[in-house]
Amino acid sequence: QVHLVESGGGLVQAGGSLSLSCAASGRTFEWYSMGWFRQSPEKDREFVARISRGGGMASYADSVKGRFTISRDNAKNTVYLQMNSLKPEDTAIYYCNTLDNTGNAPLDPWGQGTQVTVSS
């Protein structure tokens, strides 16, 4: 059974930084691309960033490009999201997930997520 556990969220002022982690178990981690998503009360869950199986390729939503960096450590079955220059509109619950072979669709049940709150 796949298990995704996100951590690292918190309350930060605008312009600040946070680093999120997601520990995955139940799959052969290095076989899959991984993604970060977020959901706020005002919006449906949206894509934030994805990273390829080996970590050599990454892509981002336009809203976070240049501010967020996704990375992974296959030895630790963990994917990370470094978030800099945070804005109030980044406030959301952040989730990770395994991605299908198109690199677009999440494969597994969502974890509990981690709350990020950015104050103005």
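1. Which ring does the charged end of Arg27 sit over? It is the ring of Tyr32, with 4.8 Å to the ring centre. A charge counts as over a ring when NZ of Lys or CZ of Arg is within 6 Å of the ring centre and within 35 degrees of the ring normal. Arg72 likewise lies over the face of Phe29, at 4.4 Å from the ring centre.

2. A word on the ground rules: this is a predicted model, where local features need pLDDT of at least 70, side-chain atom pairs count only at pLDDT 80 or more, and totals for chains, interfaces and linings use all residues. Residues are numbered from 1 along each chain as its sequence is written, and side-chain values use heavy atoms, leaving out hydrogens and water.

3. Now look at the aromatic rings. Rings of Phe, Tyr and Trp (its six-membered ring) pair if their centres lie within 6.5 Å; planes under 30 degrees apart count as stacked, over 60 as edge-to-face and the rest as tilted. This rule gives three aromatic pairs. In one of them, Phe37 and Phe47 have ring centres 6.2 Å apart and planes at 75°, so they are edge-to-face.

4. Phe37 also makes an edge-to-face pair with Trp110, 5.3 Å centre to centre and 80° between the planes. Together, Phe37, Phe47, Tyr95 and Trp110 make up one aromatic cluster.

5. How open are these rings? Phe37 is buried at 6% relative accessible area, while Phe47 at 25% and Trp110 at 32% are partly exposed. Here buried means under 20% relative accessible area, exposed over 50%, and partly exposed in between (1.4 Å probe, protein chains only).
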